[in-house]
Amino acid sequence: MVHILRLLIIIIIIYVFYKILRYLFDPKRKLDEAYEKEQYYFYDDIKNVRKNFFITYKGAIFEGEKYLGTTDQAFEVVSIFVWTKDPAKLQGFTKEDFRFLQNEIKMNYPSAKISWKSPIEQLMKEE
């Protein structure tokens with residue numbers, strides 16, 4: 001009976017340790033933390049084209065929808081549509097901020113054409 005109890009305690013300790021590590025390294029938690037601190041964070045599952053990516057930058061959160069298509073070499077993400085749920089958070093953003101975000105997206109999806117939803121689209125068209 002004592003051996004079973006010891007084994008059970010060891011299993012519980014390992015399980016708790018595993019849960020703590022999963023919590024600490026959870027990318028969704030990191031995204032939420034970066035959003036609260038108004039820092040940059042790119043959250044994406046690059047291997048899954050069906051999942052949207054999220055970027056937090058300067059207190060705003062952006063969502064990007066990926067579209068798969070063909071390039072000269074292979075099937076890749078060829079189009080990305082980016083928007084923010086709260087346009088009021090865009091106050092103070094400049095074209096340079098959006099160019100920075102485009103460059104960060106291009107690092108993961110070099111073949112993609114990036115389209116912005118309004119009001120960002122009007123700002124970027126004035127180039």
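Here is a chat about the predicted model shown above.

Student: Let's start simple: how many helices and strands does the protein have?

Tutor: There are 4 helices and 5 strands. Starting at the N terminus, the elements follow the order α-α-β-β-β-β-α-β-α. Keep in mind that this is a predicted model.

Student: Is the protein a compact globule or more spread out?

Tutor: More spread out than a compact globule, because its radius of gyration is 20 Å, well over the 14 Å that the globule rule gives for 127 residues. Along the principal axes, the C-alpha atoms fill a box of roughly 75 × 40 × 20 Å.

Student: And what share of the residues is buried?

Tutor: Of the 127 residues, 28% are buried. The accessible surface is about 9200 Å², and carbon and sulfur atoms hold 59% of that.

Student: What about strand 3 and strand 4?

Tutor: Those pair in the antiparallel sense over 9 bridges, and a hairpin of 4 residues joins them. Phe 62 stands opposite Thr 84 in strand 4.

Student: How many bridges join strand 2 to strand 3?

Tutor: There are 5 bridges, and the two strands run antiparallel. Thr 56 faces Ile 61 in strand 3. Strand 2 and strand 3 also form a hairpin with 2 residues between them, where Lys 58 in the turn has a positive phi of about 50°.

Student: Where else does a positive phi turn up?

Tutor: Look just after helix 2, where Glu 38 has a positive phi of about 55°.

Student: While we're at helix 2, which of its residues are buried?

Tutor: In helix 2 (residues 27-36), the buried ones are Arg 29, Leu 31 and Ala 34. Their cover includes helix 1 (2-24), strand 1 (41-43), strand 2 (53-57) and strand 3 (60-70).

Student: Switching to the largest nonpolar core: which residues touch the most other members?

Tutor: Those are Phe 53, Phe 62, Ile 80, Val 82, Phe 98, Ile 105 and Trp 116, out of 20 residues in that core. At least two core residues come from each of strand 2, strand 3, strand 4, helix 3, strand 5 and helix 4 (120-125).

Student: Pick Ile 80. What is Ile 80 in contact with, leaving aside neighbours within four places in sequence?

Tutor: Ile 80 is in contact with Phe 53, Glu 65, Lys 66, Ile 105, Tyr 109, Ala 112, Lys 113, Ile 114 and Ser 115.

Student: Last one: what share of contacts with a separation of 6 or more joins residues 24 or more positions apart?

Tutor: In this protein, such pairs account for 44% of those contacts.

Key
Residues numbered from 1 in each chain as written. Predicted model: local features only at pLDDT ≥ 70, side-chain atom pairs only at ≥ 80, totals over all residues. Heavy atoms only, no water. Buried < 20%, exposed > 50% of the residue type's maximum accessible area, 1.4 Å probe, protein only. Contact = heavy atoms within 4.5 Å. Rg over C-alpha atoms; globule rule 2.2 N^0.38 Å. Areas by Shrake-Rupley, 256 points an atom, 1.4 Å probe, with all protein chains shown as cover. Core = buried A, V, L, I, M, F, W, Y, C linked by side-chain atoms within 4.5 Å. Pairing = 2+ DSSP bridges.
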